[in-house]
Amino acid sequence: MENFPFAFILPTPSLIPSAHDNHIERRLSALRGQFSDQAAYERILAQEDTLLYEVYEIQRPHESGELLTGISIVHPGKVGSEFFMTKGHFHAVLDTAEVYLCMKGEGFMVMENPQGECRVEKLAPGEVLYVPPRWAHRSVCTARLEDLVTFFIYPGHSGHDYGTIEQQGFRKLVVEGEAGIEIIDNPRWSKKGS
Ligand code: PA5
Ligand code: NI
């Protein structure tokens, strides 16, 4: 890979980077076991393996000293009462942080650390969110029609640990309740799936 400065633009309205190396699509089948209402999950999946979110990555070496950047687009929709969301992860190197800049849409970043502390922060255009080292993170789109689009930046050597969240889930869920958007305890949360 060439080691020269480079620039790209995030053209409106799509915000898809003018140059990118990798386009990841994650569909409902990739989040098996993550949504609380499993019957609703199976019903939707039987109809269509719906596209939940996409990531456009700018490739750099996955090494300390590098920064990885890109755009994450979570589409609007729900499984039961729970809004579409990313898989979510801890970084494999736990002591690595991440910054998100919300470019478009509305939603939340659901976060927790291994000590069990939780934070759910609102995402709206112009909001910059700092996710400190050791905090797992998942973005959730709560708009009815609009995508949630965020720009992210994190250290090159961070890696992704998806397994912990796949097994135990996040402690908090973002759902549409009778009073509107609600953040509730995850009734199915269990330490390492126990
Ligand atoms: O590094 C990040 O946190 C983001 O780039 C995410 O990878 C992106 O939002 C997709 O989420 P996930 O990796 O949990 O599927
Ligand atoms: Ni991350």
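I first wrote down what the burial words mean: buried is under 20% relative accessible area, exposed is over 50%, and partly exposed is in between, with a 1.4 Å probe and protein chains only. By that rule Met-103, at 28% relative accessibility, counts as partly exposed.

I also noted the ground rules. This is a predicted model, in which local features need pLDDT of at least 70 and side-chain atom pairs count only at pLDDT 80 or more, while totals for chains, interfaces and linings use all residues. Residues are numbered from 1 along each chain as its sequence is written, chains are lettered from A and ligands numbered from 1 in the order in which they are written, and side-chain values use heavy atoms, with hydrogens and water left out.

**Entry: the metal**

I looked up which residues coordinate the nickel ion (ligand 2). They are His-89 (NE2), His-91 (NE2), Glu-98 (OE) and His-137 (NE2), at 2.1 to 2.3 Å. Donors here are N, O and S atoms within 2.8 Å of the metal (3.2 Å for Na, K and Ca), and since water is not among the atoms, sites may look incomplete. I wrote the spacing of the donor residues in sequence as H-x1-H-x6-E-x38-H. His-89 and Glu-98 are both buried.

**Entry: ligand 1**

I found 15 residues around ligand 1, and the closest are Arg-26, Tyr-53, Glu-98, Tyr-100 and Tyr-162. A residue is counted here if one of its heavy atoms lies within 4 Å of the molecule.

An oxygen atom of ligand 1 is 2.5 Å from a side-chain N or O atom of Tyr-100. For Tyr-162 I noted 2.5 Å between an N or O atom in its side chain and an oxygen atom of ligand 1. For Ser-72, a polar side-chain atom lies 3.2 Å from an oxygen atom of ligand 1. On its own ligand 1 has 370 Å² of accessible area, and the protein covers 97% of that. Such areas come from the Shrake-Rupley method with a 1.4 Å probe; for residues, only the protein chains shown count as cover.

**Entry: the cores**

A nonpolar core is a set of buried Ala, Val, Leu, Ile, Met, Phe, Trp, Tyr and Cys residues joined through side-chain atoms within 4.5 Å. The largest one has 36 residues, and Leu-28, Phe-35, Leu-52, Val-79 and Leu-129 have the most contacts inside it. Elements that give two or more residues to this core include α1 (38-47), β2 (51-58) and β11 (148-155). The most comes from β7, with four residues. Helices (H or I, at least four residues) and strands (E, at least two) are DSSP runs, numbered from the N terminus. Apart from this core lies another, of six residues, among them Leu-15, Tyr-56, Ile-71 and Ile-73.

Leu-15 lies in the segment before β1. It is buried, with a relative accessible area of 5%. Its phi is near 65°, a positive value in a residue other than glycine. Most residues other than glycine have a negative phi, and most peptide bonds are trans. I noted that the bond from Thr-12 to Pro-13 is cis, with omega near 0°.

Met-103 is in strand β6. Leaving aside neighbours within four places in sequence, it is in contact (heavy atoms within 4.5 Å) with residues including Leu-15, Ile-71 and Thr-150. Met-103 and Thr-150 are 47 residues apart in sequence, yet 5.4 Å apart in space, C-alpha to C-alpha.

Where is Gln-168? It lies in helix α2 (residues 163-168), and at 4% relative accessibility it counts as buried. Ser-190 is in the segment after β13 (180-185) and is buried at 16%. Beyond its neighbours within four places in sequence, Ser-190 is in contact with Gln-167 and Gln-168.

Conventions. Polar contact = N/O pair within 3.5 Å; in protein donor to acceptor, adjacent residues only side chain to side chain.
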